[in-house]
Amino acid sequence: MTPQVETYDPLKIKAIQEEKLRAQLSYVAQHSPFYKKRFKEAGIALDSIQKLEDLVQLPVTTKRDLQQNNNDFFCVDPIDIIDYASTSGTTGTPVNFGMTDKDLDRLAFNEAQSFSCAGIQKNDIVQLMTTMDRRFMAGLAYFLGIRKLGAAIIRTGAGIPALQWESILNNKPTYLIAVPSFLLKMIDYAEKNNIDLNASSVKAAICIGEPLRNQDLSPSELAKRINAKWNIKLYSTYASTEMSTAFTECEYQRGGHAHPELIITEVLDAENNPVKKGEVGELTITTLGIEALPLVRFKTGDLVKIDYSPCECGRNTYRVGPVLGRAQQMIKYKGTTLYPPAIHNVLNGFNEVSEHLIMLQTTNIGTDEVIVKMASKDTSEAFVDKLKEQFQARLRVVPQMEFISPEELNKLVLSSNGRKPKWVIDLRG
């Protein structure tokens, strides 16, 4: 099902967003201690903010604002909070989020529309291969969205390929929700245990946390490795706790579709100015319809570009392309600017490398240093030469490389809360 508003004329969609924006700004000005103070200090007259183009008059909100003033962002009494979640703390201190009953309904609606975009219907069975505990908003969102669609759900949780395959063979799910690199472990287990991958009930996977597309929307090396063995459709979805909204691919896989009644997006440069259409900038969001912790012009830290061209699926909503990288994780290495996803994409092209970690450090002369730690089946000099050749050809620079055991690597990538592995560790000042 395609929600009606997403097929409206773009001008009508814009009018709906502007009406919701005015309501949200009025709400935060009354109920958010942070925005009350911020708007007063900036001398903002909210009646001057009528159109999307007027957003540039408002100051941006940063992750540091959230971390340092977390409680001042809440707009409701604690008695109205139904669920508490938190950010993963990938690039800093985790932030506490709360949701009201209305916010949970909104979260379910968002994910139902997102999964519908990727083709999930009432008659599907979905295996949820991510955690729902440890205050992970996404896991809860997936459950609520599938329930709202009326599809069945199997909550296997993260990890343990044997358990995942037992459930697949017994319960016959049609969709998986998983981190794509884990699908490689699923493939490896199936091959070692004589399970026919392409005879299973699984027809598609909704992939989270890792990019499936290059900037030109061609399949990433990770997607190629999965589909070389397992002929299932791979859908990319992008979201964050702060957004409480997801951007998910439709069947044409040309970027993640926006839900205009839930979120307003801008793409800004380093000086907080809007970039030209089609250019890369930092995704900046204003949430719509959130009661507990709404955000206005929040800079996500993710560098993206937006595609405004019509989509063959019939939706008239723009699409968010693959995340180029996090603004904080930009690397200046030997005269070249790059981001960790580019390094991941090179290494994902080698079957010999089972897992890897990127470590960023500062040298004693103040320059960036990049160290790639790998668990690999091949550690020969000839293999190292192959790696160097690919890095040089595709990135123009070769990082330091170090082979370690899978056990050592796992100790490094697992964060203290164990909810989300960290494949980039940034130790720079």
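Predicted model: local features only at pLDDT ≥ 70, side-chain atom pairs only at ≥ 80, totals over all residues.
Residues are numbered from 1 along each chain as its sequence is written, and side-chain values use heavy atoms, without hydrogens and water.

F109 sits in helix 4, residues 101-117. Helices (H or I, at least four residues) and strands (E, at least two) are DSSP runs numbered from the N terminus. Is F109 buried or partly exposed? F109 counts as partly exposed because its relative accessibility is 24%; buried is under 20%, exposed over 50%, and partly exposed in between, with a 1.4 Å probe and protein chains only. From the C-alpha of F109 to that of G98, 11 residues apart along the chain, the separation is 17 Å.

Next, confidence. pLDDT is the predictor's confidence in each residue, from 0 to 100. The protein chain averages 92, and 97% of the residues score at least 70. Which strand has the lowest confidence? That is strand 15, residues 325-326, at a mean of 83, while strand 3, residues 125-128, is highest at 98.

Last, the lining of the second largest pocket. Helix 1 gives the largest share, five residues. By class, the lining has 17 nonpolar, six polar and seven charged residues. Ala, Val, Leu, Ile, Met, Phe, Trp, Tyr, Cys and Pro count as nonpolar, Asp, Glu, Lys and Arg as charged, and the others, Gly among them, as polar.
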